[in-house]
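Here are my notes on this model, as numbered points. Please read them with the structure open.

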Amino acid sequence: MKKTSVRSSLTLLLTAMIWGVAFVAQSVGMDYVEPFTFSFTRCILGGLVLIPCIALMDRQKTRQEREQIKANRRTLLDGEPRRSELPDGNGAACVRHERRCRTMVGGVCCGIALCVASNLQQIGIQYTTVGKAGFITALYIVLVPVIEIFLGKKSGIRTWISVVIAVAGLYLLCITDGFSIGTGDILILLCALAFSVHILIIDYFSPKVDGVRMSCIQFFVCGILSGIAMLIFETPSVSAVIQAWLPIGYAGILSCGVAYTLQIIGQKGTDPTVASLILSLESVVSVLSGWLILHQSLSRKELLGCVLMFLAIILVQLPQKETEPQAE
């Protein structure tokens, strides 16, 4: 299991906060546009926002490479280095090509998973209550370690205890009426499964790829697929999109462009099960943002749910003694 750094944890926590507030944006945005239209506009916007970021990163990388070339030339002038000290141009080119291919494959895979998850959530929330949708979506914190079992991985007892506490907190936080399984509930459950797969895909690709590029690719893939579904199943309206510019802008720029990129960066140093627990704090933030922005009140049960969620996150983050030497 990966060790979780403080920086990675804080990055994922910031991601959860942005996503939590995005629930308000999604709720308001659905008053103007349909699900696939909302997903299409927010994802394309999120991808466009990252293009200037990638250009700036490439410029900085090019400057560093030029400085390295100058340093190599000075080394040659001082004295002929050993052959092993000379940069292998062909080898470096192969590594860059392989990294780009992995970034493209990872972006496409993440984009497909994100498209399935986000649109199932947008459609399913129309047929179920917000409380049920929030609880069922957050079940990815349970589904991730369950899927990992089938992949041959094991999670420690502390993680499982944290999962149980988090699920109990989510229940108190989100469920406000009788729990029954309907069409919307099934769609949201499938959404949680898709988000679990999305987390595991990111965990596999993030150490091997350019995270920002992969995030940009996933948004365009998700946006294109959502756009195709939008043209087939919906009647998009430019005026409706303009009316929903504020929620779409938040969901596209912050929730997509910033938060999903932070997720990819944060998961580089975090175990996927731990990452899913931290990201599940979006449910707590969504309730708090609803209280602050939409002036919704919090009941004692909901406050207790928030407390349990924070306890679960703290428990899984506590350092533990190593009983076995780490393998190289």
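1. Ser 39 first. This is a predicted model, and Ser 39 sits in its helix α2, which spans residues 35–78. Ser 39 is buried, because its relative accessible area is 1%, under the 20% cut-off. Beyond the neighbours within four places in sequence, Ser 39 is in contact with Ser 118, Asn 119, Gln 122 and Ser 226.

2. Overall make-up. The protein has 13 helices and zero strands. From the N terminus on, the order of elements is therefore simply α-α-α-α-α-α-α-α-α-α-α-α-α. The protein has 328 residues, and 46% of them are buried. Take the contacts with a separation of 6 or more: 93% of them join residues 24 or more positions apart.

3. Aromatic pairs. How many aromatic pairs does the structure hold? There are two. Tyr 204 and Phe 205 form an aromatic pair with 4.9 Å centre to centre and 90° between the planes. That pair counts as edge-to-face because its angle of 90° is over the 60 degrees required.

4. Phe 205 has 10% relative accessibility, so Phe 205 counts as buried.

5. Cysteines. The structure holds zero disulfides. Cys 222 is in no disulfide, and the nearest cysteine sulfur, that of Cys 43, is 3.4 Å away. Cys 222 is buried, at 0% relative accessibility. Cys 53 is partly exposed, at 35% relative accessibility.

6. Helices α5 and α11. Helix α5 covers residues 140–150 and helix α11 covers residues 272–279. Their axes come within 8 Å and cross at roughly 175°. Angles over 145 degrees count as roughly antiparallel, so α5 and α11 are roughly antiparallel to each other. On the α5 side, the contact is made by Tyr 140, Ile 141, Val 144, Pro 145 and Glu 148. On the α11 side, it is made by Pro 272, Thr 273, Ser 276, Leu 277 and Leu 279.

7. Leu 279. This residue is found in helix α11. Leu 279 counts as buried because its relative accessibility is 1%. Not counting residues up to four places away in sequence, Leu 279 touches Leu 12, Thr 15, Ala 16, Trp 19, Tyr 140, Ile 199 and Gln 263. Leu 279 and Met 17 are 262 residues apart along the chain, yet their C-alpha atoms are separated by 8.5 Å.

8. Ser 196. Helix α7 spans residues 183–205 and holds Ser 196. Ser 196 is buried, at 0% relative accessibility. Which residues does Ser 196 contact, leaving aside its neighbours within four places in sequence? They are Tyr 140, Leu 143, Val 144 and Ile 147.

9. Ile 147. Ile 147 lies in helix α5. With neighbours within four places in sequence left aside, Ile 147 is in contact with Leu 193, Ser 196 and Leu 200. Ile 147 and Leu 193 are 46 residues apart along the chain, and 9.4 Å separates their C-alpha atoms.

10. Lys 132. Helix α4, residues 130–137, includes Lys 132. Is this lysine buried or exposed? Lys 132 is buried, with a relative accessible area of 8%. Lys 132 and Asp 185 are 53 residues apart in sequence and 7.2 Å apart in space, C-alpha to C-alpha.

How values were computed. Residues numbered from 1 in each chain as written. Predicted model: local features only at pLDDT ≥ 70, side-chain atom pairs only at ≥ 80, totals over all residues. Heavy atoms only, no water. Helix = DSSP H or I, 4+ residues; strand = E, 2+ residues; numbered from the N terminus. Buried < 20%, exposed > 50% of the residue type's maximum accessible area, 1.4 Å probe, protein only. Contact = heavy atoms within 4.5 Å. Phe/Tyr/Trp six-rings, centres within 6.5 Å; stacked < 30°, edge-to-face > 60°. Disulfide = S-S within 2.5 Å. Axes fitted to C-alpha atoms, helices over the stretch in contact; angles between N-to-C directions. Parallel < 35°, antiparallel > 145°, perpendicular 65-115°, else oblique.
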